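Notebook open, model loaded. I'm jotting down what I looked up, starting with a loop residue and then moving on to the sheet.

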Amino acid sequence: MKKIIILANKNSCYNGKIIRYFKKNISICKILIENNLEIKNNCNGFNICNYCKIKINEGIFFIRKKYFNSCQIFDFVFNNIIITI
Ligand code: FES
């Protein structure tokens, strides 16, 4: 079981949230949508619109960038991850 920890944010996730999931080959964007979190995805995961950006606080160590399109990060890249929407 993997975990996504979403830090509290007054705009989109007021109290923060911990999501546990079992599915494979699923993007963070889809996981967030399935858990009723507001994240825009105008291009439906084709990496065109850049509306689904999230900040990765911890969990992916081999990349220096902090902001990613959540539709392009799949579960096999991390085990547990801490993000800000
Ligand atoms: S949904 Fe458009 S870039 Fe991710």
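I checked Asn-36 and it counts as exposed, because it has 7 C-beta neighbours inside 10 Å. My cut-offs: buried means 20 or more other C-beta atoms within 10 Å of a residue's own, exposed means 12 or fewer, and partly exposed is in between, with C-beta atoms placed from the backbone.

Housekeeping: this is a predicted model, so local features need pLDDT of at least 70, side-chain atom pairs count only at pLDDT 80 or more, and totals for chains, interfaces and linings use all residues. Residues are numbered from 1 along each chain as its sequence is written.

Back to Asn-36: its phi is positive, about 60°, although it is not a glycine. I found it in the loop between H1 and E3 (helices, H or I of at least four residues, and strands, E of at least two, are DSSP runs numbered from the N terminus).

Asn-25 also went on my list, with a positive phi of about 55° although it is not a glycine. It sits in the loop between E2 and helix H1 (28-34), and is exposed, with 8 other C-beta atoms within 10 Å.

Next, the sheet. I read it as open, five strands in the order E2-E1-E5-E3-E4, with mixed pairing (two strands pair if DSSP finds at least two bridges between them). E2 (17-21) and E4 (67-69) are at the edges with a single partner strand each, so one side of each has no neighbour in the sheet.

Pairings I noted: E1 (residues 2-6) runs antiparallel to E2 over five bridges, with Ile-4 partnered by Ile-19 in E2. E1 pairs parallel with E5 (residues 80-84) over four bridges.
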